[in-house]
Amino acid sequence: EEQEAFEGEMLRFKGAWSSSNQGPRAKKNGDKEDGKKFKVEKTWNKNPQLRVWMRDPEDKDVEYDSVGLQIVVSTPIEGAELGMHVMRNTFCQFYNEKIEVLAERYQKLVAKTDSHVEESEIAMDIVLDNDFEVKKNGCERGFPFFIVPSLMDKKQDGPMQVLIYSDKPIAVQMLADEDRKL
């Protein structure tokens with residue numbers, strides 16, 4: 001069957017999930033990972049994060065009101081249960097938390113997969129709106145969005161790939177491990 005030619009941009013990123021415990025954010029967690037007092041911490045900083053800017057990568061003055069995306073996450077990990085969240089930071093007191101990384105405490109959920117599914121590939125279609133949650137003490141127009149692919153089992157690790165199809169040229173950056181830690 002003949003397919004219609006794709007019009008838009010396609011970006012591909014390779015990354016990996018890590019099963020290492022990157023430590024608690026507060027000093028309340030007073031035990032080792034296998035100890036009785038150990039509490040599971042939030043795991044956003046363990047997942048790969050892709051920062052999506054709704055502007056043209058060649059001309060930073062061109063900013064879009066909305067962008068249509070199809071996001072595909074795939075992995076060769078046997079028995080992996082894949083999920084995906086799209087998030088956006090809100091205002092907080094630190095510059096790096098509102099722009100550079102996905103802040104643990106100051107974010108809004110834009111969209112997510114219904115549940116983690118045992119598949120080698122998942123996809124999500126979404127339209128990002130630059131005015132999403134723009135209000136007093138909310139998000140600010142121009143704040144980036146974050147795509148966060150995740151595994152249900154936090155003890156699994158291994159490679160993954162993210163394909164992003166966009167109806168407009170946008171700037172997307174995969175954050176390095178050291179950049180994801182607050």
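This is a predicted model: local features need pLDDT of at least 70, side-chain atom pairs count only at pLDDT 80 or more; totals for chains, interfaces and linings use all residues.
Where is the place of Thr113? Thr113 sits in the loop between β5 (107–112) and β6 (117–118), where strands (E, at least two residues) and helices (H or I, at least four) are DSSP runs numbered from the N terminus. Residues are numbered from 1 along each chain as its sequence is written, and side-chain values use heavy atoms, with hydrogens and water left out.

Thr113 counts as buried because its relative accessibility is 16%; buried means under 20% relative accessible area, exposed means over 50%, and partly exposed lies in between, with a 1.4 Å probe and protein chains only. Apart from neighbours within four places in sequence, Thr113 is in contact with Gly83, Met84, Ile122 and Met124, contact meaning heavy atoms within 4.5 Å.

Glu140 counts as partly exposed, because its relative accessibility is 35%. Leaving aside neighbours within four places in sequence, Glu140 is in contact with Arg88, Phe91 and Val134, and its C-alpha atom is separated by 8.6 Å from that of Asn89, which is 51 residues apart along the chain.

Now to the sheet. Four strands form an open sheet in the order β1-β9-β3-β7, with antiparallel pairing; two strands pair if DSSP finds at least two bridges between them. β1 (9–17) and β7 stand at the edges, each with a single partner strand, so one side of each has no neighbour in the sheet.

Strand β3 (residues 66–74) is joined to β9 (residues 158–166) by six bridges, and β3 pairs with β7 over nine bridges. β3 is mostly covered, with seven of its nine residues buried.

Which residues touch the most other members of the largest nonpolar core? Of its 29 residues, they are Leu69, Ile71, Leu128 and Ile164, a nonpolar core being a set of buried Ala, Val, Leu, Ile, Met, Phe, Trp, Tyr and Cys residues joined through side-chain atoms within 4.5 Å. Not counting residues up to four places away in sequence, Ile164 touches several residues, including Phe13, Leu50, Leu69 and Ile147.
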